[in-house]
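Please consult the sequence and the structure shown here.

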Amino acid sequence: MDDENLEFSVEAYSAVSWNAGMLTLLDQRKLPKEINYLDYDSAIAVAVAIKDMVVRGAPAIGIAGAYAVVLAARSAWQEAEESWREKIEGDIHKLATARPTAVNLNWAIAEMRKLFDSIEGEPETALLELAQRIHSKDIAANHEMGRLGAELITANSQIITHCNAGALATGGYGTALGVIKTAFKNGSIKNVFSSETRPWFQGARLTSWELQQAQIPVTVVIDSAIASVMINNKIAWLIVGSDRIAANGDVANKIGTYCHAISAYYHGVKVMIVAPSSTVDMEVESGAYIPIENRGKEEVTNFKTTRIAPNDIEAINPGFDITPAKLIDVIVTEKGIVHNPDTKKMLALFG
Ligand code: MRU
């Protein structure tokens with residue numbers, strides 16, 4: 001798709017957008033009950049919003065990070081025109097460390113940084129142009145992955161997805177949900193099972209809402225029902241997104257993906273990972289080296305503000321897990337598809 005012809009979004013809502021010199025984020029903590037947009041004019045506030053899950057999903061936090069670099073550069077320039085490049089570093093560090101697993105955040109910041117040296121005068125205009133380009137390219141990549149992935153789905157298929165890898169998690173359209181949306185348009189999807197995705201319920205709140213908006217049949221199930229859904233229904237594919245893909249094809253994604261992939265292997269369900277090339281990290285040899293975000297234990301011991309576990313109980317809350325490459329049938333990117341991924345095949349496409 002030509003850059004000139006890119007649409008910003010085909011959905012009626014947008015997780016990330018730039019309006020009148022500010023970054024606007026759809027507050028995903030409130031969905032689907034409330035559609036509430038928040039405006040940001042400071043990079044530090046965006047870093048907090050990323051950490052606090054106002055915006056989430058690997059490509060969406062990358063795009064938000066790129067726009068936040070624009071905000072950081074603007075305020076650094078206003079503070080000291082001569083030394084904006086040095087002044088911006090503190091903000092960039094806070095952004096880059098807001099969430100550790102999704103490589104897209106650091107990838108987008110690195111892309112923005114590449115421009116710094118060539119900028120003469122005020123930096124906002126050139127940086128904004130690049131952030132918007134990163135945003136529109138992500139949408140184009142999603143449409144291309146949608147086309148490629150949908151070609152693998154045969155008529156009347158039932159699909160399982162986990163977490164939310166849709167328009168809400170990206171610049172627009174979605175990765176895993178992009179494939180599902182295109183396959184639905186092609187007439188290949190009968191129903192989608194969306195696992196709830198504790199503790200933030202991205203599957204129960206966001207994927208169900210997004211598919212309902214697109215009029216795609218969706219059934220929500222609790223995470224621990226997935227093996228049962230697989231044995232009691234004819235499921236063609238488990239289709240999910242990713243936060244980082246290692247050089248050997250191991251995939252980091254929302255906690256529970258590994259469990260679903262093991263169930264898929266046992267029940268003969270194929271596994272499709274859908275992610276843009278900005279999610280591929282060829283510098284990380286295998287999943288063992290991908291940093292896994294550990295979030296606060298109160299997300300496990302409490303349900304909203306109500307305590308459900310006894311006081312002083314131990315709890316752990318890893319946000320992501322690693323699905324080994326050998327459990328994955330295909331990795332779909334906008335650059336092409338890797339079947340039965342391994343280091344050699346990954347190198348051939350992303351070398
Ligand atoms: O904690 P989240 O909601 O940011 O986790 C999101 C996921 O795990 C998604 O599956 C992944 O980022 C891919 S989104 C296209």
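The text below describes the surroundings of the ligand and then some backbone features.

The model is predicted, so local features require pLDDT of at least 70 and side-chain atom pairs pLDDT 80 or more, while totals for chains, interfaces and linings use all residues. Residues are numbered from 1 along each chain as its sequence is written, and side-chain values rest on heavy atoms, without hydrogens and water.

Because domain 1 (16-140) and domain 2 (142-350) both contribute residues to its shell, the ligand lies between them; the domain bounds come from an automatic or database domain assignment. The shell has 18 residues, of which R56, R99, Q202, N253 and K254 come nearest (near: a heavy atom within 4 Å). At least two shell residues each come from α2 (58-79) and β9 (251-254), elements defined as DSSP runs (helices H or I, at least four residues; strands E, at least two).

| Residue | Part of residue | Distance |
|---|---|---|
| A58 | backbone N or O | 2.9 Å |
| R99 | side-chain N or O | 2.7 Å |
| D243 | side-chain N or O | 2.9 Å |

The protein covers 100% of the 410 Å² of accessible area that the ligand has on its own (Shrake-Rupley method, 1.4 Å probe).

Backbone geometry follows. Most peptide bonds are trans. The bond from L31 to P32 is cis, and P32 is in the loop between β2 (22-26) and β3 (37-40). The bond from R198 to P199 is also cis, with P199 in the loop between β5 (189-195) and α8 (202-213).

Technical notes:
A polar contact is a pair of N or O atoms within 3.5 Å; within protein, one must be able to donate a hydrogen and the other to accept it, and residues adjacent in sequence count only if both atoms are side-chain atoms.
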